[in-house]
Amino acid sequence: MALELKTKQAWIKALRSGDYIQGKHSLLKEDGSRCCLGVLSAILSVELSSKESDGPLIHVARYEPIVEAGLSSADIDMLINLNDTGSRSFSEIADWIAVSL
């Protein structure tokens, strides 16, 4: 199952909008920052729940809604790598999504 064009376009637009603060290692952090998959979670209206971590409060969600939206495990791994390890900007990640998904 591929990512729906409507969802893909909304996600790319959201990543480029400047409306989201980019964060790492969490879908949504206490400071309001999100990783790229956290932005997708917002687009999909996925309910995030709070979880205690070693540091500040973080928010987590099951990955099932993201997989159901059409992302494979390999896609998710690549996006996590681009956002967290590769330190790519949301704009650069949006470019990758536009070409690769």
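**Figure 1. The largest nonpolar core of the predicted model.** Of the 24 residues in this core, Trp11, Leu15, Leu37, Leu71, Leu79 and Ile93 touch the most other members. H1, H2, helix H4 (73-85) and helix H5 (90-100) are the elements that give two or more residues to this core. A nonpolar core is a set of buried Ala, Val, Leu, Ile, Met, Phe, Trp, Tyr and Cys residues joined through side-chain atoms within 4.5 Å. Buried means under 20% relative accessible area, with exposed over 50% and partly exposed in between (1.4 Å probe, protein chains only). The model is predicted: local features need pLDDT of at least 70 and side-chain atom pairs count only at pLDDT 80 or more, while totals for chains, interfaces and linings use all residues. Residues are numbered from 1 along each chain as its sequence is written, and side-chain values use heavy atoms, with hydrogens and water left out.

**Figure 2. Surroundings of Leu15.** Leu15 is in contact (heavy atoms within 4.5 Å) with Cys36, Val39, Phe90, Ile93, Ala94 and Ile97, leaving aside neighbours within four places in sequence.

**Figure 3. The crossing of helices H1 and H2.** The axes of H1 (residues 5-17) and H2 (residues 36-43) cross at roughly 125° and come within 10 Å. Axes are lines fitted to C-alpha atoms, for helices over the stretch in contact, and angles run from 0 to 180 degrees between N-to-C directions. H1 and H2 are therefore oblique to each other; angles under 35 degrees count as roughly parallel, over 145 as roughly antiparallel, 65 to 115 as roughly perpendicular and the rest as oblique. The crossing of H1 past H2 is right-handed, meaning that the near helix is turned clockwise from the far one by less than a right angle.

**Figure 4. Residues between H1 and H2.** From H1, Thr7, Ala10, Trp11, Ala14 and Leu15 meet Cys36, Leu37, Val39, Leu40 and Ile43 of H2. By class, this contact has nine nonpolar residues, one polar and no charged. Ala, Val, Leu, Ile, Met, Phe, Trp, Tyr, Cys and Pro count as nonpolar, Asp, Glu, Lys and Arg as charged, and the others, Gly among them, as polar.

**Figure 5. Ser41 in helix H2.** Ser41 has 2% relative accessibility and so counts as buried. Not counting residues up to four places away in sequence, Ser41 touches Leu27, Val46, Leu48 and Ile66. From Ser41 to Ala69 the C-alpha to C-alpha distance is 9.9 Å, at 28 residues apart in sequence.

Terms used
Helix = DSSP H or I, 4+ residues; strand = E, 2+ residues; numbered from the N terminus.
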